[in-house]
Amino acid sequence: MPAKDFLSSMQKKRLQKALREGSCSHFRERVLMLLLLNDGKTYSEISGFIGCSYRTVAYWCVHGDPDQLDSLRDRREHGNFRKATEEYIQLLIEVTKKSPYQLGYEYSNWSGERLANYLAQRTGIKLSGTQVRRILKQKNIHLPRGRIQLESRTNHVSNKLHGNVNQQSQ
């Protein structure tokens, strides 16, 4: 029989807050395991509810420390950019500040794929365009949208505005 209510009220509040505000799904899952264990659920019930293995639940319920929430974290939370060194990321940021024209390309905007190809030539580190965009998103850098996307979005918005004006005048 599991130990029901083994968490203090402070530990429980801290875990509930971490469950609401946690950004990593694996971290929130482990917090939920401890909270369900505190409610008297068995490892089997928890694994069935969450949809993970019994061994995973057993491991995190034993090794997760409710007083130290960092014990429930792992490297997955930081992303899978192991190939991307700090120098690569700095070069990526510098390159996004320049126009592709300045570097001898014929296109006007960078895309994730174009950046990945350019940096693969410069550094030898091959990442996908998706990974490059993810790194940029983490650094709060947004690539400009393509001209075609902007034109269609502008036309869509202007059509909506003209539609509303026509409806109001009738």
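The largest nonpolar core of this predicted model has 19 residues, and those that touch the most other members are Leu15, Phe27, Val31, Met33, Ile46 and Leu72. A nonpolar core here is a set of buried Ala, Val, Leu, Ile, Met, Phe, Trp, Tyr and Cys residues joined through side-chain atoms within 4.5 Å, where buried means under 20% relative accessible area, exposed means over 50%, and partly exposed lies in between (1.4 Å probe, protein chains only). Two or more residues of this core come from each of α1 (9-21), α2 (25-38), α3 (43-50) and α4 (54-63), and the largest share, seven residues, is given by α2. Helices (H or I, at least four residues) and strands (E, at least two) are DSSP runs, numbered from the N terminus. In soluble globular proteins, nonpolar side chains tend to be buried together.

The model is predicted, so local features need pLDDT of at least 70 and side-chain atom pairs count only at pLDDT 80 or more, while totals for chains, interfaces and linings use all residues. Residues are numbered from 1 along each chain as its sequence is written, and side-chain values use heavy atoms, with hydrogens and water left out.

What does Met33 touch, leaving aside its neighbours within four places in sequence? Met33 is in contact (heavy atoms within 4.5 Å) with Ile46, Ile50, Cys52, Thr56, Val57, Trp60 and Cys61. Apart from the core described above lies another core, of 17 residues, which includes Val95, Trp110, Tyr118 and Val132. Helix α5 (residues 86-96) has Tyr88, Ile89, Leu91, Leu92, Ile93, Val95 and Thr96 buried, and the buried residues of this helix pack against α6 (112-123) and α7 (129-138).

Aromatic rings come next. Rings of Phe, Tyr and Trp (its six-membered ring) pair if their centres lie within 6.5 Å, and planes under 30 degrees apart count as stacked, over 60 as edge-to-face and the rest as tilted; in the whole structure, a search finds seven such pairs. One of them joins Tyr43 and Tyr54 edge-to-face, at 5.7 Å centre to centre and with 65° between the planes, and this pair links distant parts of the chain, since Tyr43 is in helix α3 and Tyr54 in helix α4, 11 residues apart. Another edge-to-face pair is formed by Tyr105 and Trp110, with 6.0 Å between centres and 65° between planes; Tyr105 is partly exposed at 23% relative accessibility, whereas Trp110 is buried at 5%. Tyr105, Tyr107, Trp110 and Tyr118 form one aromatic cluster.

Charged side chains are the last topic. The structure holds three salt bridges, a salt bridge being a side-chain nitrogen of Lys or Arg within 4 Å of a carboxyl oxygen of Asp or Glu. Arg14 forms one with Asp67, their closest N and O atoms being 4.0 Å apart; because Arg14 lies in helix α1 and Asp67 in the loop between α4 and α5, the pair ties together parts that are 53 residues apart in sequence. In another, Arg133 and Glu113 meet at 3.1 Å, N to O, and because Arg133 lies in helix α7 and Glu113 in helix α6, this pair ties together parts 20 residues apart in sequence. Arg73 forms a salt bridge with Asp70, at 3.3 Å between the closest N and O atoms. The charged end of Arg73 also sits over the ring of Phe27, 3.9 Å from its centre, a description that requires NZ of Lys or CZ of Arg within 6 Å of the ring centre and within 35 degrees of the ring normal.
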